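Here are my notes for your first look at this one. Keep the structure open beside them as you read.

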Amino acid sequence: MVRMLRQAFFCKRLALKVLLPSACVLTLVGVAYGQNQGPARPKSTVGSQGPLPVHEAFSAAAIEAGGSLFQQHCAFCHGRDAGGGESGPDLTRSKLVFDDKNGEAIGAIIRNGRLEKGMPKFSLGDAEVMNLVAFVHSQQDKALSQSGNRKGVDTSDLQTGNVEKGREYFNGAGTCVKCHSATGDLAGVATRYEGLKLEQQMLYPRNVKAKVRVTERNGRTSAGTLAFQDEFTIALIDGNGVYRSWSKRDVTYKVDAPVKAHVELFDKYTDADIHNLMAYIQTLR
Ligand code: HEC
Ligand code: HEC
């Protein structure tokens, strides 16, 4: 349902000729080939505007060898490009694939299957499994990076939302203020990124640093970007650009895995939330 919404949202934009995101392309291609119709879908999917996944670098040879194996063993269900087929989900939008670093998750699925769900198990050699892993990752990377190739962006199309509602969402239901401040770290964000870049950065920030919140014994808390930590010391750069450090003995602290929060939020946004947020975020100049 969420995914449908998201696709509807992206496809609506396609109609506006604002962008041509891969989610939409995949859907259209899928429909054209009678794919993506089956009941099987990955339980959680990643959007088309994500950060590129972090995984091992695979050699071109491994990807190519994996491609042939994939056509032989997997394409029947998952589609030739891993974009989904009659009886297997779209692997380019699979969260499991996204989170996989070096075959630990994909390899386990290939070896053990999920028989009750219609994913068979394969007895393939280690090298073959790794080549398949390389191919599946390369297909996901390709699908996700297509969102970088969009053209013809008209910023005014991104300004259909309501600034006040966006501000409310930012401070309320969106929980953005848990980690951000409009006058602190996000001050001027709309001058650092424009239009779709800004939207992309808001939905799935790229090249992000971990955020940290430090609580001193007297209860005072400070939050900012993690600047340094070792066994003894933790340091951050706060919203005003000031470097501050503490002895770990004296404080408690919590480091947030940066993109995770945004990935989780992405499932909660409605189209209206995104439009309103964009309208609001664009006022942060
Ligand atoms: C007979 C059809 C079929 C074949 C052949 C097949 N799969 Fe699958 N695969 C499925 C189905 C159905 C699921 C979804 C299972 C579920 O919903 O838990 C799945 C799930 C997966 C997943 C997990 C996706 C996720 O997000 O949870 C991966 C990875 C995967 N398959 C890779 C492969 C690879 C690689 C091959 C070839 C070696 C392959 N599959 C062959 C049907 C198939
Ligand atoms: C749990 C913490 C958390 C929550 C909640 C959160 N974010 Fe973020 N957000 C981050 C982190 C961490 C980054 C990366 C910041 C960096 O590297 O400067 C980030 C980055 C961003 C950026 C890009 C900033 C830049 O300078 O590149 C925007 C815009 C943004 N978030 C907007 C939002 C909005 C809007 C919401 C609410 C809908 C939200 N965030 C909710 C943690 C969070």
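1. Start with the part to be careful about. Residues 1–44 stay under 50 in pLDDT, the predictor's confidence in each residue on a scale from 0 to 100. The model still has 72 contacts beyond four places in sequence for this stretch, a contact being two residues whose C-beta atoms, placed from the backbone, lie within 7 Å. Residues 147–155 are also below 50, with 16 contacts in the model beyond near neighbours in sequence. Where pLDDT is low, the predicted coordinates should not be read in detail.

2. Some ground rules. This is a predicted model, in which local features need pLDDT of at least 70 and side-chain atom pairs count only at pLDDT 80 or more, while totals for chains, interfaces and linings use all residues. Residues are numbered from 1 along each chain as its sequence is written, and chains are lettered from A and ligands numbered from 1 in the order in which they are written.

3. Now the whole chain. The average pLDDT is 76, and 72% of the residues score at least 70. You'll find 12 helices and five strands; these are DSSP runs numbered from the N terminus, with helices being H or I of at least four residues and strands E of at least two. Of the contacts with a separation of 6 or more, 68% are between residues 24 or more positions apart.

4. How much is buried? Of the 285 residues, 33% are. Here a residue is buried if 20 or more other C-beta atoms lie within 10 Å of its own, exposed if 12 or fewer, and partly exposed in between, with C-beta atoms placed from the backbone.

5. Next, the largest nonpolar core, which has 18 residues. A nonpolar core is a set of buried Ala, Val, Leu, Ile, Met, Phe, Trp, Tyr and Cys residues joined through C-beta atoms within 7 Å. Two or more residues each come from α3 (60–73), α5 (95–99), α6 (104–112) and α7 (126–145), and α7 gives the most, with seven. Leu132, Val133, Ala134, Phe135 and Val136 have the most contacts inside this core. Leaving aside neighbours within four places in sequence, Val136 touches Ala82, Leu91, Val97 and Ile106. Apart from this core lies another, of 12 residues, including Phe170, Leu203, Tyr269 and Met278.

6. On to the strands, which pair if DSSP finds at least two bridges between them. β1 (residues 211–216) and β2 (residues 221–229) are antiparallel over five bridges; Lys211 is partnered with Thr225, and Val212 with Gly224. Their hairpin has four residues between the strands, and Gly219 there takes a positive phi near 95°.

7. β2 runs antiparallel to β3 (residues 233–238) over five bridges. These two form a hairpin with three residues between them, and Thr225 faces Ile237 across the pair.

8. Last, have a look at Asp273, in helix α12 (residues 271–281). Why does Asp273 count as partly exposed? Because Asp273 has 18 C-beta neighbours inside 10 Å. Beyond four places in sequence, Asp273 is in contact with Tyr169 and Gly174. The C-alpha atoms of Asp273 and Gly166 are separated by 6.9 Å, with the two residues 107 apart along the chain.
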